[in-house]
Amino acid sequence: MKRTLSLILTAVMLVSLLAGCGGKKPAAEPDSPQTAEPAGTAGSAAQTESPRRANNEITVGISQDLDNSLDPHTMVAAGTKEVLFNVFEGLVKPTSDGDLVPAVAESYTLSDDLTSYTFKLRSGVKFHNGQDVTMDDVLYSLKRCRDEGYVPALAGADFSGEGDTLTITLPSPNNEFLAYLTCAIIPADYSEQATAPVGTGPFHFVSRQAQQNVVLERFDDYWGDKAKLDRVTYLIYENPEALVLALKGGAVDLYAHLSVATISQLDAEFTILEGAMNLVQAVYLNHSYAPLSDVRVRQALCYAFDRQELFDLTAGGRGWPLGSSIYPAFKKYFREDLINLYPHNVERAKALLAEAGYPNGFDLTIKVPSNYGVHVDAGQVAAEQFRAVGINVTVEPVEWTTWVEDVYKGRNFEATICGFDASTMTARAMLERFTTGNSKNFINYSSSDYDAAFADAQSAKSDDVQTRAYLEMEGILANDAANVYIQDLVDFVAMRKGLTGYHFYPIYVMDMSTVHYE
């Protein structure tokens, strides 16, 4: 079967690139995934002056259009968050080291019992429309996220402000709460966020042409270190062949989330950086589809899947294997012991299928977003491996917008392959989606034990107790074979020679404020 898969993937990889909601990672331990290190280049070439360099601007390729709405509180796609990270900030913001530092707030203090957070707002912070950030704007932003349910972790919080002092009172202790105060601070009296977003970040929004481009420019009144580039234009390439031509032809200066197949086609004009994608790629299973509602069937799929073969065929052996819905950058929450819970075992898979009443298998359609080659590749591998245990698999590539509407929002699928990121560096951000009835629980998973463990995590009065509850939740997902977990992903970034300053983050963002010409 390996020869068959190799032939299939050779054809697939000629027309595929790495995903914005997926990617690939080195087999080594992810000790410092936030630091961009050169992974090798095709050689060296003299840097020539170009109009973009002369104008201190660059073009960045992205593989999908942004959400229809650019409102930071309602955006859904990781690719949208990745771009708008440059436009919006919260009271605090993440660093490439995974720390949280003051942003719109100048400083903060926490009560000993972790029920009261006091912030001093930074003076002189301006919105991109020239208005000063006021306490009214901060209260509006936080209450909107709380009252509309955009940030569930804010539920029950009380906000009050006097002068430049903001006090947040919680109904119970919460040692994760600070991470959720990265939610964007936006003007209270502005109603055009969906089409012309206004924030406080190092870049301001200029324009957008749907399915074509997004343009940002440096915000010269930014309160902190100014962006080094004057202008960044994001060009959308959903067609992987067009992307390669754009890179080689000079139309694109920087592109993240590339595949091994794509970077092998680039020449000495590019430096290739290798870091962490920080996503959970899996075969996500819809538990409302009759065969997949049986845990034995889901476990059979886990035994049928050979993760290492996927790594070998698609990424030169690279890949950080996962056994549940937390990736390695989370460190204390990452359960390495779950990785080999289901070792590749065809006979065990067949026996479980027979026990569940499917001795001859069943039909299964795996929908994959067609613009993300890493998921298309994984779909081809999974299909062949599942067929080997008698399951009749069809891989159905769909356009990204269709995937979002039909699969993610509409839950009209049997299985799909994609990657999910964390909006904040909290275990809650990764695990809450699988609680019963959660609006993001698109796989329709339900477990009373899982829900109880989540409740324990939220009511925990110490970090140790909370951590144990989250670790238990990961184990429940794994033992229930909620999904077929694959990998966290290597992120290959191609950067045109002469550019430097790109940093990887432990969350899915692309910080353009530090990128500059040498």
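Biologist: Over which ring does the charged end of Arg428 sit?

Modeller: Please note that this is a predicted model. The charged end of Arg428 sits over the ring of Tyr180, 5.9 Å from the ring centre. Another case is Arg122, whose charged end lies over the ring of Trp223 at 3.9 Å from its centre.

Biologist: With which residue does Tyr222 form an aromatic pair?

Modeller: A pair of aromatic rings is described by the distance of the centres and the angle of the planes. Tyr222 pairs with Trp223 in a tilted arrangement, 5.2 Å centre to centre and with 45° between the planes. Tyr222 is buried, at 4% relative accessible area, whereas Trp223 is partly exposed, at 25%.

Biologist: How many aromatic pairs are there in the whole structure?

Modeller: A search finds 21. One of them joins Tyr108 and Phe119, again described as tilted, with 5.6 Å between centres and 40° between planes. Tyr108 belongs to strand E5 and Phe119 to strand E6, eleven residues apart. Ring pairs also link a cluster that includes Tyr284, Trp400, Trp403 and Phe442.

Biologist: Which residues have the most contacts inside the largest nonpolar core?

Modeller: In soluble globular proteins, nonpolar side chains tend to be buried together. Here the largest nonpolar core has 45 residues, and Tyr327, Trp403 and Leu431 have the most contacts inside it. Among the elements that each supply at least two of its residues are strand E14, helix H11 and helix H14. Tyr327 touches, among others, Leu322, Phe334, Met430 and Ile507.

Terms used. Residues numbered from 1 in each chain as written. Predicted model: local features only at pLDDT ≥ 70, side-chain atom pairs only at ≥ 80, totals over all residues. Heavy atoms only, no water. Core = buried A, V, L, I, M, F, W, Y, C linked by side-chain atoms within 4.5 Å. Buried < 20%, exposed > 50% of the residue type's maximum accessible area, 1.4 Å probe, protein only. Helix = DSSP H or I, 4+ residues; strand = E, 2+ residues; numbered from the N terminus. Contact = heavy atoms within 4.5 Å. Phe/Tyr/Trp six-rings, centres within 6.5 Å; stacked < 30°, edge-to-face > 60°. Lys NZ or Arg CZ within 6 Å of the ring centre and 35° of its normal. Lists of a residue's contacts leave out its neighbours within four places in sequence.
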